[in-house]
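Please open the model in a viewer and keep the selection panel at hand.

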Amino acid sequence: MPYIQINRKLLLMKIHYFLGIGGYAPFAPFLTTISRQRGYSAFIVGLIFMLQPIPGMIIRPITGAVTDKYKCRRSVFILSSTITFVLVCLLSIIPGTTSKEEMNDLDVIKSPLFWLFITTITLLNTGGTVKSVLEDTICMDLLGKDKNNYGRQRMWGSIGWSLFAIISGVCVDWYSTGLEYKNYTPGYVISMICFFLDIYVVIKLQVVQENDTNILGSDVKKIFTDGKVLAFLLWVILIGFFISFIWNFVFWYIEDLSNIYHPEMKSWMKTLQGTALLIQCFGGEVPLFFLSSYILKRVNHMTIFSIVFFTFTCIFSMYTIIKNPLWTLPVELLNGLTFALSYSAAISYAAIITPTGAEGTLQGIVGTAYTGIGAPIGSFVGGYMFKHSGSIDSFKLLSVIVFFTCVIQIIVNYLINRLTINEDAKDIYSKVETKDDNLGEDITLTS
């Protein structure tokens with residue numbers, strides 16, 4: 001009689017991704033518009049999103065290395081989940097200022113309320129960074145040899161993200177009916193419930209680390225002297241740079257479209273933005289995460305990055321011709337594709353090249369390249385561009401930049417592959433010559 005077998009370890013991992021990533025959706029994607037409602041300029045918002053990943057950039061590789069060495073992934077994982085819950089509670093009670101006029105940048109920087117706000121979201125980002133390193137490392141350990149199936153676990157994070165985003169968006173619009181500004185209290189409450197439940201799941205999650213594995217520094221060092229790996233990290237940084245515009249400034253852009261062309265949409269703007277995330281996740285991320293194992297078995301990791309860069313070109317180009325905010329919704333399908341494909345390729349490639357025992361270290365370094373270097377640089381540059389050029393002109397320039405990046409990436413990968421093939425051919429030829437020489441010596445000795 002047929003029955004369904006459930007891998008309990010992977011089930012708990014899926015539930016963690018659903019709650020642990022979904023818990024950020026009620027507030028994280030709205031932080032730019034929350035900041036704008038406070039009267040902060042695009043430059044200040046870019047500054048916020050440049051500064052907030054810096055502690056995470058430092059702590060990400062440290063987390064991986066320390067938990068690899070001292071075998072403490074489980075305890076650090078539980079601690080980071082608990083701290084995240086506490087920080088969301090703090091964020092929800094920070095007084096919310098509102099301003100019709102854009103405040104002077106210098107006045108904002110002098111405000112203690114601004115520094116309380118930025119410190120809290122920076123700590124949240126840092127805690128999320130620690131969780132990200134550990135959850136991906138633990139997931140890869142649980143998958144064992146089936147590392148290409150990572151996307152099928154991670155897609156549950158996208159499902160949680162999209163569902164809680166649309167639910168919180170609708171709740172915020174409903175709760176703010178008749179108010180001049182949006183009240184985000186319902187979103188914070190949903191987030192706190194998710195993170196509280198996630199703590200229980202993390203405690204129940206079984207984490208096993210081998211105690212007899214010796215990590216050789218030379219093994220890790222050897223990886224980062226390989227030209228292909230260095231090129232891989234460069235592409236990861238550039239993807240983080242471009243994707244930061246989607247994470248941090250697309251909602252700002254949608255509100256600009258509404259202000260200029262369709263002011264009647266303002267009353268249900270959060271619902272529209274939540275719907276954008278829903279489409280992004282269910283239309284793009286979830287299918288691509290699910291299919292990532294199939295794709296990665298058949299398509300080279302670097303080719304995946306070429307596809308991602310070309311898709312960015314299409315996305316930014318389309319943003320320059322849209323006037324109705326509703327037409328941004330189909331574009332979100334492509335946004336889901338860029339993240340799901342690039343992140344699955346980056347995480348799985350890191351797992352493939354990592355020496356045994358250094359899994360957390362390598363995942364930390366790759367994650368730093370993605371969200372700790374590329375994304376904060378993109379956030380700062382994006383803030384400057386949006387303030388001085390406007391959202392539409394900024395996307396016009398970005399479409400050109402990312403197109404040339406795509407072309408250069410394809411050329412560089414082609415050259416690296418040719419050089420690698422030549423080196424492999426030389427190694428094979430050298431081994432054949434050595435065998436022939438040894439064979440000649442044996443014949444001489446025999447005769």
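Which helix supplies the largest share of the lining of the largest pocket? Select α11: 5 residues of that lining come from this helix. The model is predicted, so local features require pLDDT of at least 70 and side-chain atom pairs pLDDT 80 or more, while totals for chains, interfaces and linings use all residues. Residues are numbered from 1 along each chain as its sequence is written, and side-chain values use heavy atoms, without hydrogens or water.

Next, display α2 (31-37), α11 (227-260), α12 (269-298) and α15 (359-389), each of which supplies at least two lining residues. Helices here are DSSP runs (H or I, at least four residues), numbered from the N terminus.

Then centre the view on R36, Q37, Y181, E255 and N259, which lie nearest the centre of the largest pocket among its 30 lining residues. Its volume is about 750 Å³.

Colour by domain: domain 1 (7-208) and domain 2 (219-423) each give at least three residues to the lining. The bounds come from an automatic or database domain assignment.

Now select M103, in the loop between α5 (73-93) and α6 (105-110). Beyond neighbours within four places in sequence, M103 contacts R38, G39 and V108; contact means heavy atoms within 4.5 Å. From M103 to I44 the C-alpha distance is 9.9 Å, across 59 residues of sequence.

Finally, colour by pLDDT, the predictor's confidence in each residue, from 0 to 100. The chain mean is 85. Helix α10 (residues 217-223) has the lowest mean, 63, and helix α9 (residues 185-204) the highest, 96.

Technical notes
1 Å grid on protein atoms, 1.4 Å probe; cavity = no way out; pocket = protein on both sides within 12 Å on 5 of 7 lines; lining within 4 Å. Points joined across faces, edges and corners; volume = space filled by probe spheres on them.
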